[in-house]
Amino acid sequence: MAAPLHGVIATFDTAAEIYHAAQKVRDAGFKFWDCITPCPVHGLDGAMGVTRSKVPRFSLVGGLVGFTIGMSMIYFTGAVDYPLIVGGKPFFSPMFAFPIAYELTILVCAFFTIGGMFVLNGQPMHYHPVLKTEHIHRGLDDKFLIVIEARDPKFDAEATKSFLESAGGKDITDVEG
Amino acid sequence: MSQAESTAETPAILSEVNPAVLPRATLVKNNRSFSWITEKICGIIEGKTPGWWWVCFGLAGFVASWTVGGIIYLVATGVGVWGHANPANWAWDIVNFVFWIGIGHAGTLISAILCLLRQKWRTSINRAAEAMTIFAVVCAGIFPVFHVGRVWFAWYLFPIPNSNYIWQNFRSPLEWDVFAVSTYGTVSVLFWYVGMIPDLAILRDRFYKAGNKTRSFLYGLFAMGWRGANRHWSNYEMAYLVLAGISTPLVLSVHTIVSFDFAVSLLPGWHTTIFPPYFVAGAIFSGFGMVLTLMLPLRSLYKLEDLITQYHIDCMCKITLATGTIVGYAYGMEFFIAWYSTNPYEGFAFINRAFGHYAWAYWIMISCNVITPQFFWFKKIRENTALVWILSIFVNVGMWFERFVIIVTSLARDFLPSSWGYYSPSIVEIFTFFGTFGVFSVLFLLFIRFLPIMPMAELKAVTPEADPHAGHDHH
């Protein structure tokens, strides 16, 4: 049984080439496609029509959770569970609780940020059709790739290939699913 | 914006004043290509283990055994094997803790603060500097954990319900420090790891191609299936930016809280409001000293002159100079405030530092921290790599003595002359401390052998090849 088709992949030599090719793919109305680059290319998000990342929303929630944990932990332990007079100071004050709440804000925020990035990226995903191609070695090293997936409504095995060729792509091949 | 004149809306004034074009420093010399960078960095890991690595590793392992031995002896015998006695109940343990944690700060400065400030020269040194941070925190952590004496109760530092039904004193800066340092260590590891994901993916694929399935699996496990997709890069870069944004206040808060360990007490010489900024500047100063100490040999051993250029060394020397001068200013200001406050105890503490029993330590500190960095004013000296390396060693020594002077002189001569004492370290302490350099070196040598010492993706991003508008600046 032949493996189902994941999509087609094309190679580009320079950052400028993929930048302009990405604009063409975006304007052609494709939805399920991606650029593969060895490093983040400045402005490629705009050329692809990728909107601003949603990672900061996770960060915000994480920060708030951390701050709340810090403050409520110190309130609970010092003013509720075992009130103890130390140096005639109040059982609870946001002033002395602040440094720890501040550190926990950062700690939980960091975990949420990284977790959010993995969730949004769908990672870990150790098996992916693109990782099985020969292209990926150069794609992480020094070439720039565009993958258009077969599940895209506009996808057509032959037409998409010739479209990528007209956009300047080289070495255009199928990606097995 | 060197080519701003090519854009449409150039202000008219520019053609009249004809401003000089300030060329940006080249960060990767000799116009190296993407694949050259990949080959260079991966080649270090894939190549045969060099002979010098084994020599250094053996030596470092031997030195590290001093710490292990010292700690075992301490746990088996008691904390009295260290030279602490009334009135100096804090000495080398806390000196070493502050020394190591301070060294870590340059790594976070390079990775986080310079990232926010868009200092692109950080790219070639940030991975190794972050590794330095983590290993320095490991070395720092040894001392406070073991100075509690009965180390099996060290978990009392954390708010874990225990059979005494009592909680930690959250009013204490020492408790804040527990949270600050553990957060710092954790976030530094996370930041380091996130930065490494794209590079681990390259190694995964290269080892797979070379037929080494075990190493490919191990690198791949941590690469999380990274495939360089731009939709991933978009989230990745945002996450990296947020991490840089939260690490910046973190690094400032950590050494601020470390300084609170002293500043919140009432001891003359400790009880000063200048401590937080002074400690942070000192930490960055010592950290850059250590970055230079580590990176300069690495640069010449692995022939990385195209990636760590003279411009990078210049930048690091200048930061060392700036922070060293801030530290020098703080020393002067401490003296001024001691006099200006008219507090006799405060005044005595500082006169005693400079001219008392520990004057030798004070003047080592002044010569290493205030005088040494001033050499970096001169271009000729900054260009002499061997000399820069030697000066960086002086910075490390000086910053260790700074903590020694602050901690020990104040404790040994407190309010009551009847309780004065003179602290000397025991042989166990000396070996435990010097052994931590071995612990640090073992970890660092393992890092340079098995992990990419420079962020390949970030290095590629600062070369002209990564610029989609090559030749004409749209932004």
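## Terms and model

Two strands pair if DSSP finds at least two bridges between them. Strands (E, at least two residues) and helices (H or I, at least four) are DSSP runs, numbered from the N terminus.

This is a predicted model: local features need pLDDT of at least 70, side-chain atom pairs count only at pLDDT 80 or more, and totals for chains, interfaces and linings use all residues. Residues are numbered from 1 along each chain as its sequence is written, while chains are lettered from A and ligands numbered from 1 in the order in which they are written.

## The sheet in chain A

Strand β1 (residues 5–12) of chain A pairs with β4(A) through five bridges, in the antiparallel sense. A:Gly7 has A:Val175 in β4(A) as its bridge partner.

The open sheet of chain A has four strands, ordered β2-β3-β1-β4, with antiparallel pairing. β2 and β4 (170–176) of chain A are at the edges with a single partner strand each, so one side of each has no neighbour in the sheet.

## Strand β2

β2(A) and β3 (residues 144–149) of chain A run antiparallel, joined by four bridges. Opposite A:Trp33 stands A:Ile148 in β3(A).

From β2 (residues 33–36) of chain A, A:Trp33 and A:Cys35 point one way, and A:Asp34 and A:Ile36 the other. All are buried (20 or more other C-beta atoms within 10 Å of the residue's own, with C-beta atoms placed from the backbone).

## Where the chains meet

Chain A gives 59 residues to the contact and chain B gives 54 (contact: C-beta atoms, placed from the backbone, within 7 Å). On the chain B side, α8(B) has the largest share, 16 residues.

Methods. Buried ≥ 20, exposed ≤ 12 C-beta atoms within 10 Å, placed from the backbone. Contact = placed C-beta atoms within 7 Å.
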